[in-house]
2 protein chains.
Amino acid sequence: MPRIVAERADALPGLAEVFREHGYEGASLTHISAATGLGKGSLYHFFPGGKEEMMAAVLADIDAWFETEIFAKLAHATDAPAVVDAMFDAVDGYFRSGQRVCLVGVVGLGSARDPFAAAVAGYFSRWIEALRKAIVKRGVAPKTAKLLAEEAVAGIQGAIVLSRALDDTGTFQRITGQLRQRLLDAMGYSVLWADLVKRNKGAAKSKP
Amino acid sequence: MPRIVAERADALPGLAEVFREHGYEGASLTHISAATGLGKGSLYHFFPGGKEEMMAAVLADIDAWFETEIFAKLAHATDAPAVVDAMFDAVDGYFRSGQRVCLVGVVGLGSARDPFAAAVAGYFSRWIEALRKAIVKRGVAPKTAKLLAEEAVAGIQGAIVLSRALDDTGTFQRITGQLRQRLLDAMGYSVLWADLVKRNKGAAKSKP
DNA sequence: ATAGCATTGTACCGAACGGTACAATGAGAA
DNA sequence: TTCTCATTGTACCGTTCGGTACAATGCTAT
């Protein structure tokens, strides 16, 4: 019998995938068991609290990844534009150009969000705040920076919705490309034309 | 015994609410029955195809509303900026400043989207196309117009995600306010400062 | 009045649900 | 080796699932 999972943490990616695909209510223990390779016995051994504890663990795992890979880097950036630029690359990779849903966003939309409302709100507010800090470092006014940060995070979430709905990664890349450019512009960082072309073959416009 | 529903169409708002709140998989017949006031007998009389037919009917209903109230007006606008402006008002009303989820978007994110993929994709692509047409009418380059339209529709979806997650209608209004301003700007329509203040107390910046 | 048909409540189906109990199994420490 | 305890598979619990069957109830038209 093949061993897919050796410890609790190994189950998290599979769990995350199931919750992403089926939502909290739609993620049955059968799905979960199949995706993780763990039987009910093991699942309830690792997560005595059942589905709710599983979801909480997945959200905490995702949160930790974003905290270290994105939020912390944004908040403590010395070269803010470079870090913002890197954020968009990381986001494109993590969400697979919009083909992979944002679980935190999905949970926030659903009715089962109540037990996780604080985690969901914290995730987004810390993302916005970290991005705002990075923008402010370049001398942008605090209120403008907050608006830009909110708009960018919302735009990323919307880009996921749209590119999933249209089943087109290009949509995700065009939209986030626009957001990236606007943020870097606001930070006084002149985006090279060739750089834009390299990133996003053709779509970009203005400021050649 | 009170009669809540008199014909098939009367069940659609209740159905939509249940699907919005619980998603397709999470919307049980018990929930549906409670929200519509219809027993199983009536539900399967009106919708012999079960949940799938119910969801299809709801999506068609929503689609029709957007088609007549928003898409058609955008596509055939004579005063394009005014219609775009009205679109944002309509969207704010329909989505209750982000507290009400976009069912089409939710379905697109879920795993049960397959039977409705065409409807979901059609909804968003027609929205984008209608908005693009309105923008092009003011002399904006076609490619730029498409980018602006995509960004606006994505931004609205993202604003819903964010404002639900943060449980704050102000977030929705700030983000859509930015989008509104950017679109009207691009269409050469100078937004009056007083008008912005009236719409969104305080948040706006630039071009006083 | 009554025939006909749309509408409805209720009982019921097999399957799947989330969750529990527990005995069998494994690896590591002594 | 033997003891220990974390890990696992499996049988089982009561509940709820989506869906069906059907008899009872209304309207409407004649």
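This is a predicted model: local features need pLDDT of at least 70, side-chain atom pairs count only at pLDDT 80 or more; totals for chains, interfaces and linings use all residues.
The contact between the two chains takes 41 residues from chain A and 40 residues from chain B. On the chain A side, at least two residues each are supplied by helices H1 (8–26), H6 (103–109), H7 (117–136), H8 (142–166) and H9 (169–186). H8(A) provides the largest share of that side, with 17 residues. Sorted by class, the side of chain A that touches chain B comprises 18 nonpolar, 14 polar and nine charged residues.

DNA strand C is surrounded by 17 residues, of which A:Ser28, A:Leu29, A:Gly50, B:Gly39 and B:Gly41 are the closest. Two or more residues of this surface come from each of helix H2 (29–36) and helix H3 (40–46) of chain A and helix H3 (40–46) of chain B. The largest share, four residues, is that of H3(B). The class composition of the surface near DNA strand C is five nonpolar, eight polar and four charged residues.

In chain B, helix H2 spans residues 29–36, and its buried residues are B:Ile32, B:Ala35 and B:Thr36. These three residues lie on the same side of H2(B), because the arc they cover around the axis is only 85°. The exposed residues B:Thr30 and B:Ala34 are carried by the face turned away from this buried side. Cover for the buried residues of H2(B) includes helix H1 (8–26) and H3 of chain B. Just after H2(B), a positive phi of about 80° is found at B:Gly37.

Further along chain B, helix H8 (residues 142–165) meets helix H9 (residues 169–186), with axes that come within 8 Å and cross at roughly 170°. An angle over 145° counts as roughly antiparallel, and H8(B) and H9(B) are therefore roughly antiparallel to each other. From H8(B), the contact is made by B:Leu148, B:Ala152, B:Gly155, B:Ile156, B:Ala159, B:Ile160, B:Leu162 and B:Ser163. H9(B) contributes B:Thr169, B:Thr171, B:Phe172, B:Ile175, B:Thr176, B:Leu179, B:Leu183 and B:Ala186. By class, 11 residues of this helix–helix contact are nonpolar and five are polar, while no charged residues take part.

Methods: Residues are numbered from 1 along each chain as its sequence is written. Chains are lettered from A and ligands numbered from 1 in the order in which they are written. Axes are lines fitted to C-alpha atoms, for helices over the stretch in contact, and angles run from 0 to 180 degrees between N-to-C directions. Angles under 35 degrees count as roughly parallel, over 145 as roughly antiparallel, 65 to 115 as roughly perpendicular and the rest as oblique. Two residues are in contact if their C-beta atoms, placed from the backbone, lie within 7 Å. Ala, Val, Leu, Ile, Met, Phe, Trp, Tyr, Cys and Pro count as nonpolar, Asp, Glu, Lys and Arg as charged, and the others, Gly among them, as polar. A residue is near a molecule or strand if its C-beta atom, placed from the backbone, lies within 6 Å of it. A residue is buried if 20 or more other C-beta atoms lie within 10 Å of its own, exposed if 12 or fewer, and partly exposed in between; C-beta atoms are placed from the backbone. The arc is that of the directions from the helix axis to the C-beta atoms.
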